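Subject: Structure handover and notes

Dear colleague,

Please find below the structure I promised to pass on to you, followed by my notes on what came out of going through it. I would be glad if you read the notes with the coordinates open beside them.

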Amino acid sequence: MTAQNLPFHPAPSKPRTALPAGACDAHCHVFGPAARFAFAPERTYTPVDAPKETLFALHRLLGIERSVLVQASCHGTDNAAMLDAIAASDGRYRGVAMVKEDVTQDELKRLHEGGVRGVRFNFVTHLGKDADMDAVRRIADRIAPLGWHAVVHFDANRLETLAPQLKALPLTLVIDHMGRVDASQGTDQPAFQMLLELMEDARFWVKVCGAERISRAGPPFADAVPFAKMLVERFSDRVLWGTDWPHPNIKKNMPDDGALVDLLPEIAPDAANLKRLLVDNPTRLYWPEQMVEGQPKELARQG
Ligand code: 0GY
C-alpha cells in the first residue's frame, strides 16, 4: 500500500489580487478520478481524486484563464487524465507529459495534437528512482525538433551533479519549484546560488511556485517570497508560476490556493513583471502560435 495523500483545501478563498487577462497557472495536475483513470501501479503515493471539473472551478474562482497540466508520477507515463482535461478546455490548457524511453513518433504526434509541449523528468528521492540520464538524452533528442522543452524536477542536493548534464541537453529546460531549495537556508545558500548561475544560461527557465514546498515557516509561506522575487527580478522573461493544485505529498499546512495567488504581488511587485510571469512567458512557451512581434495577441477575458 502506498501512502494516501491529504485532501486539497476544501474551500479556497477568493484572492484579493486581480490577475491580468490571460493569466496562466503553469503548474497543476488532474488526478483520476481513479475509477476512470487508474493510478500507476509503481507509484510512490496515492493522490486524492482531483478531477478536471474541480480544477476548472478553482481556476474560475482564482481568475485564472489558462493552465499547463503537468503529468505527475502517480499516473506514470499514462497521460490519459491530463489529455482528457486538455481536450475539455477549449484550447485554454496545455500539458507536459511523461513518456517511456521508447515512445513512438506516432505517440509523440498524438501527444502534440492533444496539447502537450514538453516532457517531465523527476530526480526527487521521495518519488522513487531518478530518471535515467541516457534515456533523458535520447528523449530530448527526439522532442527538441518538435519545439518541446524538458521540465526537470529535482531535490536541491542533486543540482550540482545535474547542472552540467542538463546544460548539455539540446533544448529549453524548465526547473520546477525553485529547485526545491530549503527557504530557511537563505538566498545565499550554495544550492540557490547554483540555481541563479544555471539561470544565466538563457535556455533555462524556472517556476517560482512551490512556496509551500520550500517554506519551513509554514503559512503564508512568506519565507519563500525572497527566492521567488529574486528570480523574477533577474530573469523576468524566463519565469513561470503555478498553484501546484492539488498539492501532492503535502504533509501538513495544505495551502489555500487563493492565499497562494495573494503572494503574487509580493513575488512580482512590478505590474510588467507580473504580466510576464502570468501571461507573456507561458504564452511564449506553450502557445507560441499566439505570439505576434514578441507579444501575446490580445487575450480576450473569458466569461
Ligand atoms: C509536484 C510535486 C510532487 C509530486 C510530483 O510527479 C509527482 O508525483 O511532482 C512532490 O511530491 O513534491 O510538482 O507535483
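Asp90 is placed in the loop that runs between helix 2 (80-87) and strand 5, and in this predicted model its phi is near 60 degrees, which is a positive value in a residue other than glycine. Most residues other than glycine have a negative phi, and most peptide bonds are trans. Gly32 and Pro33 are joined by a cis peptide bond, with omega at about 5 degrees, and Pro33 is found in the loop between strand 2 and strand 3 (45-46). A cis peptide bond also joins Pro219 to Pro220, again with an omega of about 5 degrees, and here Pro220 lies in the loop between helix 7 (211-214) and helix 8 (225-234).

Turning to the sheet, eight strands form an open sheet in the order 2-4-5-6-7-8-9-10, and their pairing is parallel. Strand 2 (24-28) and strand 10 (239-240) stand at the edges, where each has a single partner strand, so one side of each is left without a neighbour in the sheet. Within the sheet, strand 4 (residues 66-70) pairs with strand 5 (residues 93-97) in the parallel sense over four bridges, and Leu69 has Gly95 in strand 5 as its bridge partner. Strands of a sheet pair through backbone hydrogen bonds, either parallel or antiparallel.

The ligand sits in the largest cavity and is surrounded by 16 residues, of which the closest are His29, Tyr45, Ser73, His126 and Asn249. By class, this shell is made up of four nonpolar, eight polar and four charged residues. On its own the ligand has 340 Å² of accessible area, and the protein covers 100% of it.

Which residues would you list as the closest to the ligand? My own list, as given above, is His29, Tyr45, Ser73, His126 and Asn249.

With best wishes

How values were computed. Residues numbered from 1 in each chain as written. Predicted model: local features only at pLDDT ≥ 70, side-chain atom pairs only at ≥ 80, totals over all residues. Heavy atoms only, no water. Near = heavy atom within 4 Å. Areas by Shrake-Rupley, 256 points an atom, 1.4 Å probe, with all protein chains shown as cover. 1 Å grid on protein atoms, 1.4 Å probe; cavity = no way out; pocket = protein on both sides within 12 Å on 5 of 7 lines; lining within 4 Å. Sits in = over half its atoms within 2 Å of the grid points. Nonpolar A, V, L, I, M, F, W, Y, C, P; charged D, E, K, R; others polar. Pairing = 2+ DSSP bridges. Helix = DSSP H or I, 4+ residues; strand = E, 2+ residues; numbered from the N terminus.
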